[in-house]
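Please look through the structure below before reading on.

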Amino acid sequence: SDVMHVQGSLLAMTKMLSQIIDGASVPSLVIDQQHRVTHWNTACESMTGIKRSEVLGSQDGWKAFYPEKRPLLAEMIVDGVDEATLQSFYGGQLKRSTTIAGGVEVEAFFPQFGPSGKWLFFTAAPLHDAEGQVIGAVETLQDVTVRRTSEDALLRHRNQLEELVRQRSAELAATARDLEMFVSNSPIGVAYTHDGLIQRINPAMASM
């Protein structure tokens with residue numbers, strides 16, 4: 001009866017955790033030690049367009065994100081790959097989580113989502129058993145396309161302004177040089193004054 005009680009408690013706990021993951025508004029997936037998808041919540045279905053029935057129990061989670069087979073971030077966490085390997089997959093954009101031990105986070109662009117693609121911020125963290133052994137990993141996704149699009153637009157606008165200022169400064173400098181040459185070579189005497197004090201005079205004025 002004790003064994004049955006423990007088994008019943010574990011089953012109830014598993015069901016409760018499944019409901020928490022499945023009911024979360026954040027797209028989430030969970031894989032086990034063999035890289036099989038054990039959870040693929042409704043929000044993840046909505047974001048990727050892949051039904052959980054298509055991936056549960058399989059190692060095909062990658063199909064939702066990549067055109068060719070490659071490891072998910074969660075899979076690399078389960079395998080405990082080194083830092084250099086992690087960075088090689090994400091162009092040096094990956095960072096270690098400051099809040100979750102062993103967790104990582106990265107932002108990347110996925111062209112297959114929507115008509116113009118999406119920027120996703122995703123995190124992965126290991127899952128441990130009672131002995132502290134890694135038995136799986138959970139990965140969460142967040143659509144940050146609006147923020148990235150705004151940042152990119154702001155950066156383009158800033159670059160355009162900087163280029164405009166550079167061009168305008170060059171034009172003004174050229175105009176100033178032309179004016180200086182004209183005044184210096186003018187047969188008419190010219191004096192520059194400020195607050196009643198002569199600051200500069202051209203050669204013609206000096207001659208006069």
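Predicted model: local features only at pLDDT ≥ 70, side-chain atom pairs only at ≥ 80, totals over all residues.

**A walk through the chain**

Begin with a charged pair: Glu-83 and Arg-96 form a salt bridge, with 3.0 Å between the closest N and O atoms. Glu-83 belongs to helix H5, which covers residues 83-89, and Arg-96 belongs to strand S3, residues 95-96, so the two are 13 residues apart and the pair links distant parts of the chain. Are these two residues buried or exposed, or something in between? Glu-83 has a relative accessible area of 34% and is partly exposed. Arg-96, at 40%, is also partly exposed.

Now take the chain as a whole. It has 7 helices and 8 strands. Of its 208 residues, 30% are buried. Among contacts with a separation of 6 or more, 33% are between residues 24 or more positions apart.

The next stop is the inside. The largest nonpolar core contains 31 residues, and the members that touch the most other members are Trp-40, Phe-65, Leu-73, Tyr-90, Phe-110 and Phe-122. Several elements each supply at least two residues of this core, including strand S1 (28-32), strand S2 (37-40), helix H2 (42-48) and strand S5 (118-128). Helix H4 gives the most, with 5 residues.

Leaving out residues up to four places away in sequence, Leu-73 is in contact with Leu-86, Tyr-90, Leu-94, Val-104, Val-106, Phe-122, Thr-123, Ala-124 and Glu-139.

Aromatic rings come next. The structure holds 9 aromatic pairs. In one of them, the ring centres of Phe-65 and Phe-113 are 6.2 Å apart and the planes stand at 90°, so this pair is edge-to-face. Phe-65 sits in the loop between helix H3 (52-55) and H4, while Phe-113 sits in the loop between S4 and S5; the two are 48 residues apart, and the pair links distant parts of the chain. Both Phe-65 and Phe-113 are buried. Phe-113 also pairs with Phe-110: here the centres are 5.9 Å apart and the planes are at 35°, so the pair is tilted. Phe-110 is buried, as is Phe-113. Ring pairs join Trp-40, Phe-65, Tyr-66, Tyr-90, Phe-110, Phe-113 and Phe-122 into a cluster.

Thr-48 is placed in helix H2. Which backbone atoms lie close to a polar atom of its side chain? The backbone oxygen of Cys-44 is 2.7 Å from a polar atom of the Thr-48 side chain, and the backbone nitrogen of Ile-50 is 3.2 Å from one. Apart from residues up to four places away in sequence, Thr-48 touches Trp-40, Ala-64, Phe-65 and Phe-113. A polar atom of the Ser-28 side chain lies 2.9 Å from the backbone oxygen of Val-26.

Finally, return to the charged residues. Side chains of opposite charge can pair when their charged atoms come close. The structure holds 9 salt bridges, and Glu-83 with Arg-96 is one of them. Another joins the side chains of Arg-147 and Glu-107, at 2.4 Å from N to O. Arg-147 lies in helix H6 (residues 145-185) and Glu-107 in strand S4, 40 residues apart, and this pair too links distant parts of the chain. Where do the two partners stand in accessibility? Arg-147 is partly exposed at 36% relative accessibility, whereas Glu-107, at 19%, is buried.

A further salt bridge is formed by the side chains of Asp-143 and Lys-118, 3.9 Å apart from N to O. Because Asp-143 is in strand S6 and Lys-118 in strand S5, the pair ties together parts that are 25 residues apart in sequence. Asp-143 is partly exposed, with 36% relative accessibility, and Lys-118 is partly exposed with 23%.

Note on methods: Residues numbered from 1 in each chain as written. Heavy atoms only, no water. Core = buried A, V, L, I, M, F, W, Y, C linked by side-chain atoms within 4.5 Å. Buried < 20%, exposed > 50% of the residue type's maximum accessible area, 1.4 Å probe, protein only. Helix = DSSP H or I, 4+ residues; strand = E, 2+ residues; numbered from the N terminus. Contact = heavy atoms within 4.5 Å. Salt bridge = Lys/Arg side-chain N within 4 Å of Asp/Glu carboxyl O. Polar contact = N/O pair within 3.5 Å; in protein donor to acceptor, adjacent residues only side chain to side chain. Phe/Tyr/Trp six-rings, centres within 6.5 Å; stacked < 30°, edge-to-face > 60°.
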